[in-house]
Number of protein chains: 2
Amino acid sequence: MTAKRTTTDDELAFLASYDATRFPRPSVAVDVVLLTVRDGAIWALLGRRDDHPHRGRWALPGSFLRIEESLDAAAARVLRTKAGLRGVFTEQLYTFGSPGRDPRTRVIAVAYYALIEPASLERAVASRTDGLILARLDVSWPGETGGPVAALDSSGIHLPLAFDHAEILGMAVKRIRGKLDYAPIGFELLPAAFPLRDLRLVHEAILGRALNKDSFRRRILDRGLVVPTGERAAGVGHRPPELYRFSDRSAT
Amino acid sequence: MTAKRTTTDDELAFLASYDATRFPRPSVAVDVVLLTVRDGAIWALLGRRDDHPHRGRWALPGSFLRIEESLDAAAARVLRTKAGLRGVFTEQLYTFGSPGRDPRTRVIAVAYYALIEPASLERAVASRTDGLILARLDVSWPGETGGPVAALDSSGIHLPLAFDHAEILGMAVKRIRGKLDYAPIGFELLPAAFPLRDLRLVHEAILGRALNKDSFRRRILDRGLVVPTGERAAGVGHRPPELYRFSDRSAT
DNA sequence: GTAATAGTGTCTTTAAGACACTATGTA
DNA sequence: TACATAGTGTCTTAAAGACACTATTAC
């Protein structure tokens with residue numbers, strides 16, 4: 001972090017006289033794209049806006065940044081207070097700051113994305129009565145092209161999104177598509193023990209295309225990122241697959 | 001961007017009564033890591049701080065965000081006013097917001113990185129009298145590990161950096177290392193026409209390791225990202241190499 | 001001529017795709 | 001038993017590394 005240094009009397013005097021209100025300052029908010037993967041699609045947590053602006057539209061969970069709180073802490077607080085979740089994998093995504101993105105006042109939104117396995121997220125949504133939904137994302141662009149992403153309700157109807165949240169969703173999808181190959185993010189979307197098939201289905205849903213079964217297995221096993229648990233899934237209607245777990249080796 | 005929608009009288013009344021000053025707001029600054037590659041190393045533009053805090057230490061060029069200015073526009077303004085540069089490749093990097101990172105007040109720094117070829121940057125530094133220097137970066141970590149990065153003056157002495165700017169430099173190096181393989185960022189660091197050797201030296205400097213000469217040539221040419229200009233470099237003391245230029249094909 | 005790097009051709013190695021085949025559970 | 005998916009083995013293909021060899025300029 002900041003290197004050790006001495007504070008001089010001169011500097012102390014400067015700091016005492018510093019007036020932070022001399023310039024108009026924007027508000028800073030933190031928005032969280034909480035994602036999961038299920039049924040071959042990416043899903044995101046959205047909340048219905050009860051207040052202006054964009055009342056009735058759907059928005060990412062978010063909050064204004066508190067004055068003595070780090071950005072990461074604000075993202076964790078949003079997940080805790082809006083979804084009742086703790087210890088979820090979270091990473092900063094991008095900062096959105098177009099002057100017109102919020103009609104109230106100038107708001108800089110520091111966006112985060114978070115990944116969680118579907119069972120926990122469904123439980124969180126079910127335990128809430130404040131209009132949270134899990135929306136299926138409709139990614140219309142291929143590869144890592146990027147662009148806004150639409151959200152669909154359970155009937156496949158497009159949900160009207162608030163602010164620039166379609167852009168933020170698009171950035172989150174683009175990010176996890178890009179990171180999937182070299183970062184262990186698929187594991188965040190699965191329970192502790194999982195068959196390799198489920199890991200492949202998660203990758204396919206994120207990438208939006210089918211993957212070769214054999215080379216996927218080989219690639220994952222060769223990298224040593226997963227280790228067999230010795231257990232097998234039961235009651236699957238066919239040969240039960242071996243269950244694996246994420247191996248936290250520091251290998252690349 | 002934001003979807004088309006109608007504004008109701010109800011909402012207009014809400015907006016008229018909205019008081020943006022109800023909550024304390026942090027300041028928002030934009031800092032730019034302007035990078036180039038020369039002599040097998042990465043270099044960054046730094047300025048000596050004339051004022052408190054961190055007077056005498058070295059800092060990234062930056063500015064507080066103006067209230068009606070986009071983040072991208074602020075980054076472009078910083079490059080224009082602090083280095084006299086326009087049209088430089090610039091991309092958002094990461095947002096730094098630890099509560100203690102600036103002793104004056106809470107400052108959220110939206111960091112950008114920019115890439116330029118060394119001749120233009122040297123010209124910009126030489127034409128300034130306000131204490132700008134080109135500092136060589138000392139990247140001590142391998143691969144995409146990440147972490148703070150030190151800056152050295154022309155004698156190889158460590159320059160004391162202001163705020164958390166060693167962290168920001170580290171994030172910029174990590175980012176360009178990661179993007180080098182799939183994004184055409186090497187070209188931003190070279191003149192319009194260049195021999196393949198220079199492109200390889202740029203890649204090697206960024207990655208911090210030697211690359212196989214033959215497969216580098218094959219890889220670059222096979223991707224069709226460069227096209228021969230038909231000209232050759234002269235006066236190089238050996239067989240003159242063909243000069244290539246970046247081909248702006250939309251191919252992946 | 002020598003020195004130095006450009007550039008080509010070929011062999012080997014490695015990772016990924018294709019695909020056949022065997023294994024083992026449920027119904 | 002049939003069925004469905006798990007898992008193995010092998011062939012092919014594509015990309016990268018290794019390396020030998022030729023090409024062309026400055027000196």
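Guide: First, a word on classes: Asp, Glu, Lys and Arg count as charged, while Gly is among the polar residues. Keep in mind that this is a predicted model.

Visitor: What makes up the surface near DNA strand C, by class?

Guide: It has 12 charged, five polar and two nonpolar residues. Among the closest are A:Asp214, A:Arg239, B:Arg197 and B:Glu242, which count as charged because Asp, Glu and Arg belong to that class. A:Ser215 is also one of the closest.

Visitor: Which helices supply at least two residues each to that surface?

Guide: Helix H6 (213–223) of chain A and helix H6 (213–222) of chain B.

Visitor: Why is the pairing of B:Arg239 with a base nitrogen of DNA strand C called a polar contact?

Guide: A polar side-chain atom of B:Arg239 lies 2.9 Å from that base nitrogen. The cut-off for N or O atoms is 3.5 Å, so the pair qualifies. B:Asp214 passes too, because an N or O atom in its side chain is 3.2 Å from a base oxygen, within 3.5 Å. At A:Gly237 a polar backbone atom is 3.4 Å from a base nitrogen.

Visitor: How much area is buried between the two chains?

Guide: About 4,200 Å², with carbon and sulfur atoms giving 58%. On the chain A side, A:Arg25, A:His52 and A:Ile67 lose the most, together 15% of what that side buries.

Key. Residues numbered from 1 in each chain as written. Chains lettered and ligands numbered in written order. Predicted model: local features only at pLDDT ≥ 70, side-chain atom pairs only at ≥ 80, totals over all residues. Heavy atoms only, no water. Buried area = accessible area lost by both parts, 1.4 Å probe. Near = heavy atom within 4 Å. Polar contact = N/O pair within 3.5 Å; in protein donor to acceptor, adjacent residues only side chain to side chain. Helix = DSSP H or I, 4+ residues; strand = E, 2+ residues; numbered from the N terminus.
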